[in-house]
Amino acid sequence: MLKTIGAIPLFAPLKEEELIPLIRGQEIYLKNYRQGVTIYQQREKCKTFDVVLTGKLVAYSLSENGSSMTLFEFPQGHVLGANLLFTANGSYPFNIYCMADAQVLHVSRKAVEELLHNYEFTLNFMETLSQNSTRLNRKISINSRRSLRENLLEYLKQEAKNQGANPLTLPMSKKQLADHLGVQRPSLFRELKKLKDQGIIEVDNRKIRLL
C-alpha cells in the first residue's frame, strides 16, 4: 500500500513514517468498487477526500422527471472531495457513481490535518484544490453557453486537444455524451447530423474529425 501511495504525486513528499500510523489507524485506506455502484449519495456528508487509482467515477444529478445529467468525470488519477472536506456544510452536491470497476484511495480529514504539517504536501494539496476549481469553472462556462452546438463543438475541440488527434475518439458512448451535455440523446444525434451535413465534422461511429 505504501508503494501505491508513494506513486501518487500528491503524496510524493511524504515519508513512510508519516504515512504508516495513518494507514494503521484506517485514516488512509484503499477500497474497491464495482461498476454501477453509487459511492456517495447527494447531500451525504463528505468524510474523506479520494484519489481514483483505477477505473472511473462520475458525478451526476437527477431531475424531477428522473432523467440524469453527468456533471463531472473522475478518471484515473483524479481527486474528489478535497474542496468539501473542510467546508461548514461538507456534503456532496451530486451523486457519485462508479462508471467502471474502480479502486479508490480514501484519506480522512484527520489524516489531511496531520499531513498538512508537511510543507510540500500542503503545496501539492493547494494545487489540487486549484485544479478542481479550474475544472468547475470550465464546466460552468460550457453549460452557460447559448446552444447545444456551442457546447458540443467546445467539447470536441477540447477532447481533440487532450488526445492530440484529429479525428478524435469519443471516450464515451453517445448516450453518455448526451448525459454529459445535459440533453436528450435524440437532440445530440440531430445536432451531430446537422454538423455533418454542413461539412463541419465527419462522423464514423466514435471517430469524429473536426473540419
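Q: How many bridges join strand 2 to strand 6, and which way do the two run?
A: First the idea. Helices (H or I, at least four residues) and strands (E, at least two) are DSSP runs, numbered from the N terminus. Two strands pair if DSSP finds at least two bridges between them. Here, strand 2 (residues 38-40) and strand 6 are joined by 2 bridges and run antiparallel. Thr38 has Tyr97 as its bridge partner in strand 6. This is a predicted model: local features need pLDDT of at least 70, side-chain atom pairs count only at pLDDT 80 or more, and totals for chains, interfaces and linings use all residues. Residues are numbered from 1 along each chain as its sequence is written, and side-chain values use heavy atoms, with hydrogens and water left out.

Q: Over how many bridges does strand 1 pair with strand 6?
A: Strand 1 (residues 28-33) pairs with strand 6 (residues 95-108) over 6 bridges, in the antiparallel sense. Tyr29 stands opposite His106 of strand 6.

Q: What is the strand order in the open sheet of 3 strands?
A: The order is 7-9-8, with antiparallel pairing. Strand 7 (168-169) and strand 8 (201-204) are at the edges with a single partner strand each, so one side of each has no neighbour in the sheet. Strand 8 is joined to strand 9 (residues 207-210) by 4 bridges. Ile201 faces Leu210 in strand 9.

Q: How do I read the largest nonpolar core, and which members touch the most others?
A: A nonpolar core is a set of buried Ala, Val, Leu, Ile, Met, Phe, Trp, Tyr and Cys residues joined through side-chain atoms within 4.5 Å. Buried means under 20% relative accessible area, exposed over 50%, partly exposed in between (1.4 Å probe, protein chains only). The largest core here has 39 residues; Phe11, Ile28, Phe49, Leu57 and Leu105 touch the most other members. A second, separate core has 17 residues, including Leu153 and Leu192.

Q: Is Ser133 in a helix or a strand, and what is its relative accessible area?
A: Ser133 lies in helix 4 (residues 119-143). Its relative accessible area is 36%, so Ser133 is partly exposed.

Q: How are two packed helices described?
A: By the angle between their axes and the distance between the axes. Axes are lines fitted to C-alpha atoms, for helices over the stretch in contact (heavy atoms within 4.5 Å). Angles run from 0 to 180 degrees between N-to-C directions. The axes of helix 5 (residues 148-163) and helix 6 (residues 174-181) come within 11 Å and cross at roughly 115°. Leu148, Asn151, Leu152 and Tyr155 of helix 5 meet Leu177, His180 and Leu181 of helix 6.
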